[in-house]
Amino acid sequence: MSLPALLQTSPYLTVLEPNRPSPVIYMTDTHGAESPDTDDHTGASFGIVDLDRKVSWRHDRAELDILRRAAAYPTASQMLIENYGATSVVSLYSLNWLQAPDALCRDYNLISGEIEISSHCNWACACCPVSAEPKGRNTMSLDLFEETIHKLAEHAGIDYVTFHFFNEPTLDRFFDERVSILRRHHLKLALYTNGSALTEGKLRQLIESETLYHLIFNIPSPDADEFRSLTNSRTFPQTIRNLEIAIELKAFPIDIVVNGIEPRLSVNTRALKARYGRDGVRVGATTLSDRAGVLKGEFDQHVFVDGALRGCNWPVNHFYVAWNGDVFICCNDYHQKETYGNVRDGTIHEIMSSDAAVHLRRRVFGIEAAPKDFICRRCHDQALHFPFKQFQPIATHSSEKL
């Protein structure tokens with residue numbers, strides 16, 4: 001096999017040690033925390049997790065030495081061969097774990113499409129940027145929505161779509177039509193909602209359409225007065241009524257996510273779990289996020305990551321589309337500053353493999369230097385000890401000096 005003159009380790013790789021907990025956890029709002037299966041490691045020296053989230057157990061420790069040697073910078077392939085042997089270097093290149101430097105971050109693995117069908121919310125939660133910087137009432141047109149859904153449906157591997165981005169999807173005047181479009185294209189919907197406008201009629205339409213993948217209610221408190229204070233809304237009766245109707249229908253899995261700050265966050269989570277957990281509803285607190293520095297005051301996490309960034313799953317696993325079709329980096333980009341195209345530009349693959357998309361991912365994974373004002377520098381997902389990291393690149397997380 002002919003090798004490029006220079007090789008570098010893929011930043012998507014995470015090293016696992018046998019008999020130790022996985023250093024990566026895949027957080028999903030629809031299924032909770034998941035980790036790669038680490039059981040089958042008999043006789044293995046180390047394991048590697050790549051984009052496919054499966055562990056490949058390896059027996060030759062020299063392979064790990066090679067991956068560490070070539071992790072931070074492009075390295076001469078001839079030098080690697082002279083030091084470690086051609087067989088190991090060629091094997092790692094054939095696995096795509098060693099790559100030509102210009103090929104780094106070209107791969108991706110989408111599992112969802114996140115669509116901002118509108119930009120309006122009827123709540124103004126203190127833990128949400130809407131409370132400080134509400135947006136206008138923009139709505140994605142049905143023709144743009146249908147084009148987006150068509151392209152997502154054609155792209156292999158998409159498990160579901162969502163309709164949320166700091167908005168309330170069920171207020172959208174085209175909600176029913178959008179559900180019908182999903183049904184035609186055989187795509188599932190993970191519906192995140194505050195529940196205030198999720199009427200029984202909408203719930204029954206979701207049942208009949210067979211499009212609902214998961215239903216996630218945002219309920220910050222079971223107390224009406226505290227609820228009003230936290231959400232700046234008077235929709236507590238409607239929200240609770242619609243939640244209880246959804247539970248009574250017994251037609252789909254339901255989660256309640258609880259936002260807030262300790263100690264009230266734990267108190268409210270326990271109270272909601274005691275009230276609804278017996279009905280099979282899963283209740284859990286969300287991870288606090290200041291949305292990459294947008295929120296201030298008691299929500300400010302004071303994150304700033306200097307130097308090379310450390311990787312993140314959002315721009316690799318999820319496709320974010322704004323109401324106007326712009327494609328942007330992730331759910332923490334409230335102002336949608338980091339865009340890399342428009343959904344009308346081509347197929348999902350053409351957009352995700354564009355130079356702009358690759359350039360963005362190379363910044364996120366520390367292959368290229370990110371500017372000081374790059375959104376990821378202020379995001380808790382980039383913090384070294386963030387508990388829910390889904391990538392731990394060898395160059396930035398190795399326990400040994402490179």
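Is Leu-384 buried, partly exposed or exposed? Leu-384 is partly exposed, with a relative accessible area of 35%. The legends below describe close-up views of a predicted model.

**View 1. Leu-384 and Lys-250, two loop residues.** Leu-384 is located in the loop between helix 12 and helix 13. Lys-250 belongs to the loop between helix 8 (236–249) and strand 13. Along the chain the two residues are 134 residues apart, and 41 Å separates their C-alpha atoms. The relative accessibility of Lys-250 is 67%, so Lys-250 counts as exposed. Leu-384, at 35%, is partly exposed.

View 2. Most residues other than glycine have a negative phi, and most peptide bonds are trans. Asn-19 is not a glycine, yet its phi is positive, at about 65°. Asn-19 sits in the loop between strand 2 and strand 3 (26–28). Its relative accessible area is 68%, so Asn-19 is exposed. Lys-250, also not a glycine, has a positive phi of about 50°. The peptide bond that joins Glu-262 and Pro-263 is cis, with omega at about 5°. Pro-263 is part of the loop between strand 13 (254–258) and helix 9 (264–276).

**View 3. The largest cavity.** Searching the whole structure gives three cavities of 30 Å³ or more. The largest cavity holds about 70 Å³ of space. Its lining includes the cysteines Cys-312, Cys-330, Cys-376 and Cys-379. Trp-314, Pro-315, Ile-329, Val-364 and Ile-375 also line the largest cavity, together with Asp-381 and Gln-382. By class, the lining residues are nine nonpolar, one polar and one charged.

**View 4. The second largest cavity.** What is the volume of the second largest cavity? The second largest cavity has a volume of about 50 Å³. Among the residues that line it are Phe-386, Phe-388 and Phe-391, with Lys-389 and Gln-390. Gly-311, Cys-312, Asn-313 and Asp-381 belong to the lining as well. The division here is four nonpolar, three polar and two charged residues.

**View 5. Cysteines without disulfides.** How many disulfides does a search of the whole structure find? The search finds zero disulfides. A disulfide would need the sulfur atoms within 2.5 Å. Cys-105 has a relative accessibility of 2% and therefore counts as buried. Cys-330, at 7% relative accessibility, counts as buried too.

**View 6. The aromatic pair of Tyr-12 and Phe-365.** A pair of aromatic rings is described by the distance of the centres and the angle of the planes. In the whole structure, 13 aromatic pairs are found. One of these is formed by Tyr-12 and Phe-365, an edge-to-face pair at 4.9 Å centre to centre with 75° between the planes. The two residues are 353 residues apart, and their pair links distant parts of the chain. Tyr-12 lies in the loop between strand 1 (6–9) and strand 2 (14–16), while Phe-365 lies in the loop between helix 12 (355–364) and helix 13 (394–397). Both Tyr-12 and Phe-365 are buried.

View 7. Phe-166 is in the loop between strand 10 (160–162) and helix 5 (175–185), and Tyr-334 is in the loop between strand 16 (326–328) and strand 17 (339–342), so the pair ties together parts 168 residues apart in sequence. Phe-166 is buried at a relative accessible area of 14%, and Tyr-334 counts as buried at 1% relative accessibility. Phe-166 and Tyr-334 belong to one aromatic cluster with Phe-165, Tyr-320 and Phe-328.

**View 8. Charges over aromatic rings.** Over the face of Tyr-334 lies Lys-135, at 4.3 Å from the ring centre. Arg-178 lies over the face of Phe-145, and its distance from the ring centre is 4.9 Å.

Notes. Residues are numbered from 1 along each chain as its sequence is written. This is a predicted model: local features need pLDDT of at least 70, side-chain atom pairs count only at pLDDT 80 or more; totals for chains, interfaces and linings use all residues. Side-chain values use heavy atoms; hydrogens and water are left out. On a 1 Å grid over the protein atoms alone, a cavity is a set of points where a 1.4 Å probe fits but cannot get out, and a pocket is an open set with protein on both sides within 12 Å along at least five of seven lines; lining residues have an atom within 4 Å of a point. Grid points are joined across faces, edges and corners, and a volume is the space filled by probe spheres set on the points. Ala, Val, Leu, Ile, Met, Phe, Trp, Tyr, Cys and Pro count as nonpolar, Asp, Glu, Lys and Arg as charged, and the others, Gly among them, as polar. Buried means under 20% relative accessible area, exposed over 50%, partly exposed in between (1.4 Å probe, protein chains only). Rings of Phe, Tyr and Trp (its six-membered ring) pair if their centres lie within 6.5 Å; planes under 30 degrees apart count as stacked, over 60 as edge-to-face and the rest as tilted. Helices (H or I, at least four residues) and strands (E, at least two) are DSSP runs, numbered from the N terminus. A charge sits over a ring if NZ of Lys or CZ of Arg is within 6 Å of the ring centre and within 35 degrees of the ring normal.
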